[in-house]
Amino acid sequence: MPCQNCSCPSCLAHMGSSIPPTELPLPPSELMTTNRAATDAEVAQSRNVIDSAEEKISLIQAAMADLAERIANTRRVIETHRTAISPLKAFPPELLVATFTEYLTVVGDPRSEPAPPNSPLTLMWVCSRWRAIVLDTPRFWTRISDSTPMVDLWLNQSRDLPLDLHFDLSSGDASDLDALISQAHRWGQVHFTLQTDSNSILSPVRGHLHSLKRLELSRLYTNNTLDFCEQAPQLTEIQLGNVPNPPAIKLPWEQLRNCTLGGSMITLYALQQARNIQTCHFKGMNEYVPWASSPMPMPHICHSRLETLIISRWHSRDFHIRFFFSSLTLPSLQTFELYFPNVVEGFPTGLAHTLSGFFKRSAQRLTVLKLARIPFPPNDVINWLTLMPSLVSFCVKFLYEGDHYIDDNFLGRLSFDHTNRLLPCLNSLSLLGQSSFDEISLHDLIASRRDVTLQDAGVALLTTIFLDCDPPCDWCRCELPSFHRFASEGLEITYGADWNIRLSAMDVTSDRSSVF
């Protein structure tokens, strides 16, 4: 008999020899080929063979079951040894913490049910080592939403670290927030969707927001006062939706540095109040709001510290936009991005002229300019560029309708020579919104800005150019070799196929990338 649970060759061979041979006699051929009835002796013989065969099958099945069990046991031994020598056991805990941090940072909807898949609870289910690391890392427990299970566990495990809160208060039910009111001194980042009387719900935290650094409030369609965060000594960044009555929002404006705002009125009000702000993103309305359709007078604002202004996702019928530009002077502006709505008509009359006045007052120090879906002729853009002597990086995209496109005249105006000294500091150029370009004009443009004699005159050379042309188009097949010289001299030429990489390099965030 083979040894129990043994899989050595000799025992397996003995197991095979204990099974009777598989050769069994067949019935006489006459019974198989004719209709003659079997005799009693033949019936008895066949029944004996059947019994022997069934016994044989039982023995084979028992042997197979035993072998299957031995295979499973052997595989378990293999997995046990693999686990024992797993490289992950030598993985430094610091790297595991860094990996877990990335996993928990990439989030979907924080209000998904039940817990989002990036919950620390998911990591705890893997193994005892991961569970110990997760429980011993307080920052993994700082993000709390209105769907977070066992809020008390999150509060205890996060210890004294600032909390990142995501709550929807629009339903009027703030029961999930009750446990956090007493921890208001730990609120570090707040993302709230509000309703009409949200200020009364949040009034208990007034004066206790000692750790609050970032505030995001949406659905602010109310004239009621909102002052629960008026006293927040560390608050420097806010994101607000469109506000019909900006003075009703009470914030420590003077200490703010970065603002993302949902309308022209609240943006102008913020720039008027927040005199130390450095970056402002006017992230306008996705849809038409009636109270934003009629022009209204706005005070002129000269903001001396704003360095970056981004205007995206605004409605063409927001007539305040023209008054917004005419009311604003930004002498320290260095980066300006303007993304027009994807329409051809409906813009406020005189907007192009208003933008010219804005650039004349604010573009002397401008170094980065991005203009997308421009509904005006290229000559208007050229006129704007004459007001930007310090421009280093220029990205432009026109609409396809009418005469709004990148033509050879536009490319010629961007060329640089002793008679046309437009944009002397330019070293990065992106031309979008055109499937092909006039190769001669484009070649002349690049050649004029790659002339090494320009450096002697203190003029910058073009170092990168992006073309919204996905090779191999017709002119690329013919003209691409003529650009090899520029590439060999250090010019980086990027085409449409590489736009995603280029987009990342230009640091255009996802909410603006769709305009290209």
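Predicted model: local features only at pLDDT ≥ 70, side-chain atom pairs only at ≥ 80, totals over all residues.

The dialogue below goes from the whole chain to its strands, and then to its salt bridges and aromatic rings.

Q: What share of the contacts in the protein chain joins residues 24 or more positions apart?

A: Among contacts with a separation of 6 or more, residues 24 or more positions apart account for 63%.

Q: How should I read the pairing of strands, and which strand does strand 4 pair with?

A: As a general idea, the side chains of a regular strand alternate between the two faces of the sheet. In this structure, strand 4 (residues 214-218) pairs with strand 5 (residues 237-240) in the parallel sense over 4 bridges, and E216 stands opposite Q239 of strand 5. Strand 5 is in turn joined to strand 6 by 4 bridges, again running parallel, with C259 in strand 6 as the bridge partner of I238.

Q: Are strand 7 and helix 10 mostly buried or exposed?

A: For strand 7 (residues 279-283), 4 of the 5 residues are buried, so the strand is largely enclosed by the rest of the structure. For the helix, the general idea is that an α-helix has 3.6 residues a turn, so residues three or four places apart point the same way. Helix 10 (residues 264-273) is mostly covered, since 8 of its 10 residues are buried; among them are M265, I266, L268 and Y269.

Q: How do I read a salt bridge, and how many does a search of the whole structure find?

A: Side chains of opposite charge can pair when their charged atoms come close. A search of the whole structure finds 9 salt bridges. One of them joins D136 and R159, whose closest N and O atoms are 3.5 Å apart. D136 lies in the loop between helix 6 and strand 1, and R159 in the loop between helix 7 and strand 2, so this pair ties together parts that are 23 residues apart in sequence. D136 counts as exposed at 53% relative accessibility, whereas R159 is partly exposed at 43%.

Q: Which residue forms a salt bridge with D164, and why does that pair tie together parts of the chain that are apart in sequence?

A: The partner of D164 is R143, with the closest N and O atoms 3.5 Å apart. D164 lies in strand 2 and R143 in strand 1, so the pair ties together parts that are 21 residues apart in sequence. D164 counts as buried, at 14% relative accessibility, while R143 is partly exposed, with a relative accessible area of 26%.

Q: Which residues are linked with R214 in a network of salt bridges?

A: R214 is linked with E216 and E237 in such a network. The side chains of R214 and E237 meet at 3.1 Å, N to O, and this pair links distant parts of the chain, with R214 in strand 4 and E237 in strand 5, 23 residues apart. R214 is buried, with a relative accessible area of 16%, and E237 counts as partly exposed at 28%.

Q: What should I look for in the aromatic rings, and how many aromatic pairs does the structure hold?

A: The distance between ring centres and the angle between ring planes are the things to read. The structure holds 15 aromatic pairs. In one of them, the rings of F376 and W384 have their centres 6.2 Å apart and their planes at 85°, and planes over 60 degrees apart count as edge-to-face, so this pair is edge-to-face. Both F376 and W384 are buried. These two residues belong to one aromatic cluster, which also includes F282, F324, F325, F336, F358 and F359.

How values were computed: Residues numbered from 1 in each chain as written. Heavy atoms only, no water. Buried < 20%, exposed > 50% of the residue type's maximum accessible area, 1.4 Å probe, protein only. Helix = DSSP H or I, 4+ residues; strand = E, 2+ residues; numbered from the N terminus. Phe/Tyr/Trp six-rings, centres within 6.5 Å; stacked < 30°, edge-to-face > 60°. Contact = heavy atoms within 4.5 Å. Pairing = 2+ DSSP bridges. Salt bridge = Lys/Arg side-chain N within 4 Å of Asp/Glu carboxyl O.
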